[in-house]
Amino acid sequence: MPENTCDNRVAVVILNWNGLSLMEKYLPSVVRHTPAGIADVIVADNGSTDGSVEFLRREFPGVRVIDFDTNHGFAEGYNRAISAVAPEYKYSVLLNSDVEVKDDWLTPLWQFMESHPRAGACQPVIRSLMEPGKFEYAGASGGFLDRHGYPYCRGRIFDTVEDDRGQYDTPMQVFWASGAALMVVNRVYLDCGGLDREFFAHMEEIDLCWRILLSGREVWAVPTGHVYHLGGGSLPASNPRKTYLNFRNNLLMLHKNLPDSCRRGVLLRRRLLDGVAWLKFVLSGEMDNASAILRAHRDFRSMRKAYSRHPKENLLNVDTNIIFDYFIRNRRTFSSLRN
């Protein structure tokens, strides 16, 4: 076990905005099961007006509160929180406010990061809080991107979520780790620019992990730790706002992180595939979602102008075509995919 010193401690940072009910329900498990010997629980409050801060100071005096005077949003709220804790802590865990933890969930992650100096980020296994035997959609046991930029996970491909039978219980380098429980090296997080505030929500952690990989660091899934995520509370999967953000942010992420040598080709293929998705929504009568795709492409065309610097290395140089594997070859689990 690594030696615990004052300069390798962990800040477990929960971002809150008017989430009093979530604090009441899930914070007790985080406080109870987070080992005080290596970590402190910190709530960064985005200018809540529902009594969250007063509740925290009354009921959890041992929890440090970073009290912002306004709502900075998800990405910028975390960026400011990590900047504030970085002088005191080597690591942070960005933990969603709707996550429940059990047992000692953190020590395995901390030990792994201490023994893997090239690691810039990692995640535990994320299970569904409502169906604890299943992986959770938002991150499962570590994520990847296929050749077109579509995300999938060990334990979840598109809408197929696997039961956790221990089939992914080995640590593995992954392309991205879930923002539901994302452990980062604070200095790496800040040097890579943190979460992109322009994304607002969805895929911002994949974009961050891509930049961490481009910096020469590694991203890992560490399945010896487990957390349980409620998920989907803010925007259901069928919500047109979620459709819009997923399509727009995926395009932005590809535009930002692909080199000149292949960026146009990948984006052209994505436009064609997004056109197929648009047609599917039209044929099924889901006109709000079809319109969301059109808005996503319109806004991408204007927002991409802000990203003029691109890497030289293509990290999306993979053979996997997840659409073909899933819909044509009927390979619905990670373990059934080609390597």
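User: Which residue in strand 4 does Val 12 stand opposite?

Analyst: Val 12 stands opposite Val 93. This is a predicted model, where local features need pLDDT of at least 70, side-chain atom pairs count only at pLDDT 80 or more, and totals for chains, interfaces and linings use all residues. Residues are numbered from 1 along each chain as its sequence is written, and side-chain values use heavy atoms, with hydrogens and water left out.

User: In what sense do strand 1 and strand 4 pair?

Analyst: Strand 1 (residues 10–16) pairs with strand 4 in the parallel sense, over 5 bridges. Two strands pair if DSSP finds at least two bridges between them. Strands (E, at least two residues) and helices (H or I, at least four) are DSSP runs, numbered from the N terminus.

User: And which way do strand 4 and strand 12 run?

Analyst: Antiparallel, with 5 bridges joining strand 4 to strand 12 (residues 181–185). Leu 94 has Leu 182 of strand 12 as its bridge partner.

User: How many residues of strand 4 are buried?

Analyst: 5 of its 5 residues (91–95) are buried. Buried means under 20% relative accessible area, exposed over 50%, and partly exposed in between, using a 1.4 Å probe and protein chains only. Tyr 91, Val 93 and Leu 95 are on one side and Ser 92 and Leu 94 on the other, with both faces covered.

User: What about strand 6, how many there?

Analyst: 10 of the 10 residues of strand 6 (residues 119–128) are buried, so strand 6 is largely enclosed by the rest of the structure.

User: Which strand do 8 bridges join to strand 6?

Analyst: Strand 13 (residues 218–229), and the two run parallel. Arg 127 has Tyr 228 of strand 13 as its bridge partner. A further pairing is with strand 12, by 2 bridges and antiparallel; there Ala 121 is partnered with Val 184.

User: Switching to helices. At what angle do helix 7 and helix 9 pack?

Analyst: About 30°, with the axes of helix 7 (residues 240–257) and helix 9 (residues 287–303) 8 Å apart. That makes helix 7 roughly parallel to helix 9. Axes are lines fitted to C-alpha atoms, for helices over the stretch in contact, and angles run from 0 to 180 degrees between N-to-C directions. Angles under 35 degrees count as roughly parallel, over 145 as roughly antiparallel, 65 to 115 as roughly perpendicular and the rest as oblique.

User: Which residues make the contact?

Analyst: Among them are Tyr 244, Phe 247 and Leu 251 of helix 7, and Ile 293, Phe 300 and Met 303 of helix 9. Contact means heavy atoms within 4.5 Å.
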